[in-house]
Amino acid sequence: MNAIANHELAGMVHPDRVHRRVYADQAVFDLELDRIFGRGWIYVGHESMAKKANDFFSTWLGREPIIVTRDGEGRLHGLINRCPHRGAQVCNAAQGHARHLTCPYHAWTFRMDGSLEAMPRMNGYPASFDRAGHGLRRIPRVESYRGFIFASLAPKGIGLVEHLGSMAEALDNMVDRSPTGELEAAGGVFHQEYAGNWKLHMENATDLVHPGVVHESSVLAGRATAAGRPDEAETQALQMLQANGLTIADFDRVDLKGTPQGHTYMGAFYSKGDIAPERTDAPFLEYRAALMARMGEAKTAAVLGRATFNNLIYPNISVNPLFQTMRRVQPISADRSIVHSSCFRMIGAPEDFFHKTITFLSTANSPSSLISTDDIAIFERTQRGLSSQQSEWLNLARNIHLDEVAADGSVAAKGTSEMAIRLQFKAWLHHMVGEAA
Amino acid sequence: MNALNPAGAKTGKPVSLEQLRSIEEFLIAQGELLDQHRYEEWDALFDKAAVYWVPTTPEQQDALNTLSVYHDDAQGRDVRIRRLRHEKNLVEETPTRTLHMVQNVRASETGPGEFEVRARFLMLEYRAGVQRLYGGTYLHKLREGDTGFTILHQRVDLLNGDGVLPVLSVPF
């Protein structure tokens, strides 16, 4: 029996408001882990992290510790990182290369596809012992979309391509921007914790009203440091800090687009200097020429022309194809989350591009960032505010009367609309109480 | 290896006890400036070309190809300090309290009036109602002039730079 009845969950989400319990109630969180992270397609890593046969990396999928492996034939597998014998985590390494995985407790040994290869003292087991049933548990569905590996703990359900829908374009765009059509995960990862619900981060990533308020201190500090300096003397970091200082009217002109699966993206709003989507500096011209050589002028113009900023793939990743970065939110409990921020290198692009990627993520998402630390202060403050049981609802009505819904279910809105949050909760309802639940 | 010549210092000659003592005093004073929120004076210890750098791992070679927890050049320090001081800084509404402690200071002279210094540090932090402890190693490159030492480079290797971190506000 469920801890919370479906009709009760459904009552927590209205078109223009949600109940505090969706953020503050651990029982709701537990159901999210069952029904959203325990069934849907969740990003687990990039193929470059297990490039060759017998490479592997360990990560997590919802509440599951997992290992993603490539077997001797190059096929990808997702395995639960837990020995079927006595329960120890088999693999501690973040990444590696091995012909088999051996549990450190009693040396049960598994092939890279998870099947049990051997254990010491096999004669201690009866002839009827089911070896095939004692492999590492396999994740039913593991698929790669253009190098991005997603996994689902549900044996059945919609396919990955159907889940991504038109937001596959965000991943396409990041790959197509590479002069070789290849990306590799590189440059390290930030692991940033905060005392707040995982959804707060995702909602904030397409909220264009908050920058002018929350980031005021870094916008004004940025302007003060820039004052008196010629534009060309400003570092990329300084340009980024100031870019959050657009007016509401400017942010309204940024495109906000959503899909029926709950994904959303916003247009790029950096317009000048080192961070402009298209530039005339030597590395950029060299890069553009390489793209033209590979895919011709029209496709190059189309790829570079899709200048977007945060692209959210429901439920928990935010991709920035322009700067080749990704943020991935790990839900720990109703009031604790970890944001894993990482970079991709466009293989074949001038060095300068990856340097900009590193500087972009270090400026925007380092634990000491002048930008994201203000966001986190707000998430933590929101979580504390939501502990109040006297005031129950959160409002999501901004620009609700202006949502433009197309026949295919996609939605277009002005930049400062709360459309993206409304769409995320529509997807939430679908997973939590829809047919799938 | 001379006791005053640190392990890992590839070049340089030993410094006198007196020199070591003055270097140690300098590091203690640098931490105290942060503890006392005297950020502009902290910044003034750095050469214009100096970078305050906290890489994510001790193996990290540069800040161009790998993420850094901090990588503040002169512009970066200036804007960080302005924001630390800004009334709308949501992280510093209640100013963070810190205690910087410096230990195990070792130095060698790498050129006329230039020193490479390795030390270990602890930073006790009290922010938003939670007390936390950070630690790691400092690598300072210093130049001694008429008015004292100038920092040419500071590298801070956190013990957990690649681990899960909360919000960081006051430098190490």
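Predicted model: local features only at pLDDT ≥ 70, side-chain atom pairs only at ≥ 80, totals over all residues.
Two strands are taken to pair if DSSP finds at least two bridges between them.

Strand β11 (residues 141-145) of chain A and strand β12 (residues 148-152) of chain A pair in the antiparallel sense, and five bridges hold the pairing. Within this pairing, R141(A) stands opposite S152(A) of β12(A). The two strands form a hairpin with two residues between them, and in the turn R146(A) has a positive phi of about 50 degrees.

The domain assignment divides chain A into domain 1, covering 42-156, and domain 2, covering 165-433. Taken over C-alpha atoms, the centres of domain 1 of chain A and domain 2 of chain A are separated by 33 Å. Their contact takes ten residues from domain 1 of chain A and eleven residues from domain 2 of chain A. On the side of domain 1 of chain A that touches domain 2 of chain A, the largest share, three residues, comes from strand β3 (residues 42-46) of chain A. By class, that side of domain 1 of chain A has six nonpolar, three polar and one charged residues.

Elsewhere in chain A, a cis peptide bond joins Y314(A) and P315(A), with omega at about 5 degrees. P315(A) lies in the loop that runs between β16 (308-313) and β17 (317-320) of chain A.

## Where chain A meets chain B

The contact between the chains takes 34 residues from chain A and 30 residues from chain B. On the side of chain A, the elements that give two or more residues are β13 (183-194), α8 (216-226), α9 (236-243), α12 (351-365) and α13 (372-385) of chain A. The largest share of that side, eight residues, comes from α8(A). By class, the side of chain A that touches chain B has 17 nonpolar, 14 polar and three charged residues.

Which elements do the buried residues of α8(A) pack against? They pack against α9 and α13 of chain A, together with α3 (74-85) of chain B. The buried residues in α8(A) include S217(A), V219(A), G222(A) and A226(A). After α8(A) comes G228(A), whose phi is positive, near 85 degrees.

Strand pairing also crosses from one chain to the other: β13(A) and strand β8 (residues 164-165) of chain B pair in the parallel sense over two bridges. In this pairing H191(A) stands opposite V164(B) of β8(B).

## The fold of chain B

The secondary structure of chain B comes to three helices and eight strands, and from the N terminus on its elements run β-α-α-β-β-α-β-β-β-β-β. The radius of gyration of chain B is 16 Å, close to the 16 Å that the globule rule gives for 172 residues, so chain B is as compact as a globular protein of that length. Along the principal axes, the C-alpha atoms of chain B fill a box of roughly 50 × 35 × 30 Å. Of the 172 residues of chain B, 38% count as buried.

Seven strands of chain B form an open sheet in the order β1-β4-β5-β6-β7-β2-β3, with mixed pairing. At the edges stand β1 (13-14) and β3 (68-72) of chain B, each with a single partner strand, so one side of each is left without a neighbour in the sheet. Strand β2 (residues 52-55) of chain B runs antiparallel to β3(B), joined to it by four bridges, and P55(B) stands opposite S68(B) of β3(B). Helix α1 (residues 17-35) of chain B lies across β4 (97-111), β5 (114-127), β6 (130-145) and β7 (148-158) of chain B, running at about 150 degrees to β4(B).

Most residues other than glycine have a negative phi.

Note on methods: Residues numbered from 1 in each chain as written. Chains lettered and ligands numbered in written order. Domains from an automatic or database assignment. Contact = placed C-beta atoms within 7 Å. Nonpolar A, V, L, I, M, F, W, Y, C, P; charged D, E, K, R; others polar. Axes fitted to C-alpha atoms, helices over the stretch in contact; angles between N-to-C directions. Rg over C-alpha atoms; globule rule 2.2 N^0.38 Å. Buried ≥ 20, exposed ≤ 12 C-beta atoms within 10 Å, placed from the backbone.
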